[in-house]
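Hi,

Here is the structure I promised to pass on. Have a look at it first, and then read on for what turned up.

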Amino acid sequence: MSETKSNTRENILGTEDVKKLLFRFAVPGVIAMLVGAFYNIIDQIFIGHSVGMLGNAATNVAFPLVIIAMALGLLFGIGGASNFSLCLGAGNKERAKKVVGNSIFLLTASGVLVFVVIHLCLEQLVTLFGATDAVFPLAFEYITITSFGMLFLIFSTGASSIIRADGSPRYSMYCLLAGAFLNVVLSAFFIFGLNMGLAGAAWATVISQFVSFLIAVLYFTRFKSVVLEKKDFVLNRSVTKMIFYLGASSFLNQISMVAVQILLNNTVAYYGGLSVYGSEIPLAVTGVISKVSMIFIAVIIGVSQGGQPIAGFNYGAKNYGRVKEVFKLVLKVSMFISLIAFLCFQLFPLSIIKIFGGGSELYFEFAVRFCRIYLFMMIIIGIQPAASILFTAIGKSYKGILLAMIRQVLLLIPLVIVMPLYFGLDGVLYAGPIADGISAAVAFIFVYREFKRLTAMENEENLIRGQPAAAV
């Protein structure tokens, strides 16, 4: 790619209207994230109607591995993309090249490692993730097959962030869309056409992930902003350190979700067994509703990732006013999405759960209670992931890490352990809104303080340039 084209792309990030830029970068990302979430949902629907409640429970048991794979993809993808944007903003293209090459290497190596670990510890993992005796064989079969796609999932997840940061948000979208649409078609064909059941859903997932992987690999042969060379793929200590640092927030947010999901699976199965619902009903409902709520979280993440290259480039270029604009716009959109999620789960919980197949009266009763209680604070949940990604974009990854740890590790996990001791299964349900409410309040304080800091830095730059002072 020519220097002129690269400079044009960088100038756009620094000069074009922020709303237009965010729309351009966020919409493809949102669509890709939505389709990714929806194809998981459609898989769940197909499985629910063909295999039944136990099939939904089995995919819930396998879900932590999907989150782990996505966590690694985000670690090296968001870490690489944020570092790449900051380097371009500062005009350091040589280091930007190394960031991309090192990120690709780390994505590939982690994918291979996850595959090996799964096959060495498969039985232990299925038990750890909360499988009951009735669910174990289905979960074992499903994870065995989907493990072959872990490398492809990790790589395409991380690559999409880097491709977006290179100024190709639509290609990033196509990379994920192609696999998502193919998964829907193949799932329907394998499950209903060939009567393959849960195994059909698993193989459809692996094949579709491989297609997304191939499309992502193709892009790196014609990268736009820099020309990649073999030496860029050799690990560099300072580069990998920054990738880990800037990707740690997104990674730990996902990993803490894994810990929460595993704990939830085991806790609802245990306390459900002591209630009228039994073990399998809470386990199945938790998996279904977790994936539905991820649709809204996926949109928030897509919008936030759309703002990432804009915020990162302008922060590196010391355009602090534009960084504030991106923060404000992303947070407004995220809060609007949170409001929609809240209304859906409070007003239509029964309609949502019925999409995933039939069940007993107790099954639907618990699903409605889970939605209305556990997800009550969805109305403000958007501020935490949005703030976490934006802090990472400007090199403040430690703040994003702290936000992720407060919600998942410091609040939700202890609450899920302690509250059921006193309130039984209801204790699990009430732990969710308490953790969400407190973490949102902390995120708001972090963002407010960051705005004051950015305004002070903006005023320093304005003073140097002879421009008027800015408002917070």
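How many of the residues of α7 are buried? The answer is 16 of 16, so to speak a mostly covered helix. Before going further, please keep in mind that this is a predicted model. Helix α7 covers residues 150–165 and spans 23 Å from its first C-alpha to its last, close to the 22 Å expected for 16 residues at 1.5 Å a residue. After α7 comes Gly 167, which has a positive phi near 90 degrees.

Next, a helix pair. Helix α11 (residues 280–316) and helix α12 (residues 320–347) have axes that come within 9 Å and cross at roughly 175 degrees. With angles over 145 degrees counting as roughly antiparallel, that is what α11 is to α12. The contact between α11 and α12 involves 19 nonpolar residues, 6 polar ones and 1 charged one.

The structure has 4 of them, and here are some.

- Glu 450 and Lys 399 pair through their side chains, at 2.7 Å from N to O. Glu 450 sits in helix α17 (residues 425–465) and Lys 399 in helix α16 (residues 397–423), so this pair ties together parts 51 residues apart in sequence. Glu 450 is buried at 0% relative accessible area, and Lys 399 also counts as buried, at 16%.
- Glu 450 has another salt bridge, to Arg 453, with the closest N and O atoms 2.5 Å apart. Both Glu 450 and Arg 453 are in α17, 3 residues apart, or about one turn of the helix. Arg 453 is partly exposed, at 25% relative accessibility.
- Asp 436 and Arg 407 form a salt bridge at 2.6 Å, N to O. Asp 436 belongs to α17 and Arg 407 to α16, so the pair ties together parts 29 residues apart in sequence. Asp 436 is buried at 2% relative accessible area, and Arg 407 is buried at 12%.

Leu 350 counts as partly exposed because its relative accessibility is 35%, between the 20% and 50% cut-offs. Leaving out residues up to four places away in sequence, Leu 350 touches Phe 364 and Val 368. The C-alpha of Leu 350 is also 7.3 Å from that of Ala 367, which is 17 residues away along the chain.

Cheers

Notes:
Residues numbered from 1 in each chain as written. Predicted model: local features only at pLDDT ≥ 70, side-chain atom pairs only at ≥ 80, totals over all residues. Heavy atoms only, no water. Axes fitted to C-alpha atoms, helices over the stretch in contact; angles between N-to-C directions. Helix = DSSP H or I, 4+ residues; strand = E, 2+ residues; numbered from the N terminus. Parallel < 35°, antiparallel > 145°, perpendicular 65-115°, else oblique. Nonpolar A, V, L, I, M, F, W, Y, C, P; charged D, E, K, R; others polar. Buried < 20%, exposed > 50% of the residue type's maximum accessible area, 1.4 Å probe, protein only. Contact = heavy atoms within 4.5 Å. Expected span 1.5 Å × (residues − 1).
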